[in-house]
Amino acid sequence: MIYTTEVQHMCPVAKGAYHGPAPIPEEGKWVQAKQLSDISGFTHGIGWCAPQQGACKLTLNVKEGVIQEALVETIGCSGMTHSAAMASEILIGKTILEALNTDLVCDAINTAMRELFLQIVYGRTQSAFSEDGLAVGASLEDLGKGLRSQIGTMFGTVAKGPRYLEMAEGYCTRMALNAQDEIIGYEFVNLGKMMDFIKKGDDANTALEKAKGHYGQWDSAAKYIDPRQE
């Protein structure tokens, strides 16, 4: 380490009391974080790319500074899905500092990692007040039994009005309209359940019918329309 001439000629003055950093909440404890191994937490964050063409929701479970679990969900960009595949391999086993300074292939995932880093090191995690934090694998609970991301996809125009394409329950197959052509419900297919039925031996049409459901005033509709056709 090199000191300037001015500093070399200064007289030494003793440093006063040292109280350490302010403690942050981590997994039910108050921790004075001084090194990466002091950091633990489970949290989510959102990232976006420079052209804002797509977004990433990133979920990390960090134990003693190391990422033990990563869930990468992307939307809006086809290339992002492949980036997410690579990021899911890259992230696990890295310290949060390594991950912050690693190319996660896609701008949106990199931005999400930055946002999560800030939450984690400032003690703003979802598990901040949960004793021992959350078990590795907890992020899958957000996906439900079908292990599919919660997606909402809607489209609308002034000329033709709204179209429901995908809800949290699944792929929208029909919309229910009343006599005034107002939406009062929708039919959906839970694609996760459908694939499970097919894997168990059901033919595709049987699985499709078994995986269907509806929401709202479905039975009292004046008419039903296919949002992708009509």
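**Strand pairing and the nonpolar core**

In this predicted model, strand E6 (residues 153–157) and strand E7 (residues 161–167) pair in the antiparallel sense over five bridges. Thr153 has Glu166 of E7 as its bridge partner. E7 also runs antiparallel to strand E8 (residues 170–177), with two bridges between them. Here the hairpin has two residues. Glu166 stands opposite Tyr171 in E8.

The largest nonpolar core holds 24 residues. Leu58, Leu60, Leu91, Ile109 and Met113 touch the most other members. Two or more residues each come from strand E4 (55–63), strand E5 (66–75), helix H2 (78–91), helix H3 (96–100) and helix H4 (107–121). H4 gives the largest share, seven residues.

Leu91 lies in H2 and is buried. Leaving aside residues up to four places away in sequence, Leu91 touches Leu58, Leu60, Ile67, Ala70, Val72, Ala99, Leu104 and Met113. Two of these contacts, Leu58 and Leu60, are also among the residues that touch the most other core members.

Met80, Ser83, Ala84 and Ala87 are likewise buried in H2. The cover over the buried residues of this helix includes E4, E5, H3 and H4. The length of H2 agrees with expectation, because 14 residues at 1.5 Å a residue should span 20 Å and the end C-alpha atoms are 21 Å apart. Gly93 follows H2, with a positive phi near 90 degrees.

Definitions and conventions: Residues numbered from 1 in each chain as written. Predicted model: local features only at pLDDT ≥ 70, side-chain atom pairs only at ≥ 80, totals over all residues. Heavy atoms only, no water. Core = buried A, V, L, I, M, F, W, Y, C linked by side-chain atoms within 4.5 Å. Buried < 20%, exposed > 50% of the residue type's maximum accessible area, 1.4 Å probe, protein only. Helix = DSSP H or I, 4+ residues; strand = E, 2+ residues; numbered from the N terminus. Contact = heavy atoms within 4.5 Å. Expected span 1.5 Å × (residues − 1). Pairing = 2+ DSSP bridges.
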